[in-house]
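Morning, everyone. I have one structure to show you today, and I'll keep it short. Have a look at the chain first.

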Amino acid sequence: MSESSGRPRAPITEADVLAWLETTAAAVQAGELSAPELIELLGELRRASAACADASDWALLAAREEGASLRQIAPVFGKGYVRAPAARLEKLHRQAQNSSQWLAILRHKNEGAR
């Protein structure tokens, strides 16, 4: 959570990822990372990407619960289409009716991964 504004911020930003990518690319070019190490990194990134998608789904459910309309949410999905968040909500509602249920599913999934 950001100390200055008091509201939560994403745990990672595009700028963070680009800075990491620049550093990692330089290490690869310098021959400091092997193919197996890069494959391990790939796995870590794929798991992190899935975790970010899960967090995004939670935020979508929570925004709707707080009264956000699909038209307000749509620009985050790109091109301003309300179909994208509506379709995602429909898919999510097959698993959870609200953000609390989705968080419980994520907790259970995380416990199973240990």
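Predicted model: local features only at pLDDT ≥ 70, side-chain atom pairs only at ≥ 80, totals over all residues.

Is Gly112 buried or exposed? Gly112 is exposed, because its relative accessible area is 63%, and the cut-off for exposed is over 50%. Now pick out Ile39. In sequence, Gly112 and Ile39 are 73 residues apart. In space, their C-alpha atoms are 23 Å apart.

Stay in helix 5, and find Ser99 there. Ser99 has a relative accessible area of 6%, so Ser99 is buried. The cut-off for buried is under 20%. What does Ser99 touch, leaving out residues up to four places away in sequence? Its contacts are Trp58, Leu61, Ala62 and Glu65.

Next, helix 4. That helix covers residues 83–93. Which of its residues are buried? They are Pro85, Leu89 and Leu92. Look down the axis of helix 4: the buried residues fall within an arc of 65°, so they line one face of the helix. And what covers them? The cover includes helix 2 (35–65), helix 3 (70–77) and helix 5 (99–113).

Let's take one of those partners, helix 3. A quick reminder first. Two packed helices are described by an angle between their axes and a distance between the axes. For helix 3 and helix 4, the angle is about 100° and the axes are 7 Å apart. That angle makes helix 3 roughly perpendicular to helix 4. Who makes the contact? From helix 3, we have Leu70, Ile73, Ala74 and Phe77. From helix 4, we have Ala84, Pro85, Ala86, Arg88 and Leu89. Sort the residues of this contact by type, and you get eight nonpolar, no polar and one charged.

Last stop, the largest nonpolar core. How many residues make up this core? Nine in all. They are Leu60, Leu61, Ala68, Ile73, Leu89, Leu92, Ala96, Trp102 and Leu106. Helix 2, helix 4 and helix 5 are the elements that each give two or more residues to the core.

Set aside its neighbours within four places in sequence, and Ala68 is in contact with Ala63 and Ile73.

Methods:
Residues numbered from 1 in each chain as written. Heavy atoms only, no water. Buried < 20%, exposed > 50% of the residue type's maximum accessible area, 1.4 Å probe, protein only. Helix = DSSP H or I, 4+ residues; strand = E, 2+ residues; numbered from the N terminus. Arc of directions from axis to C-beta. Contact = heavy atoms within 4.5 Å. Core = buried A, V, L, I, M, F, W, Y, C linked by side-chain atoms within 4.5 Å. Axes fitted to C-alpha atoms, helices over the stretch in contact; angles between N-to-C directions. Parallel < 35°, antiparallel > 145°, perpendicular 65-115°, else oblique. Nonpolar A, V, L, I, M, F, W, Y, C, P; charged D, E, K, R; others polar.
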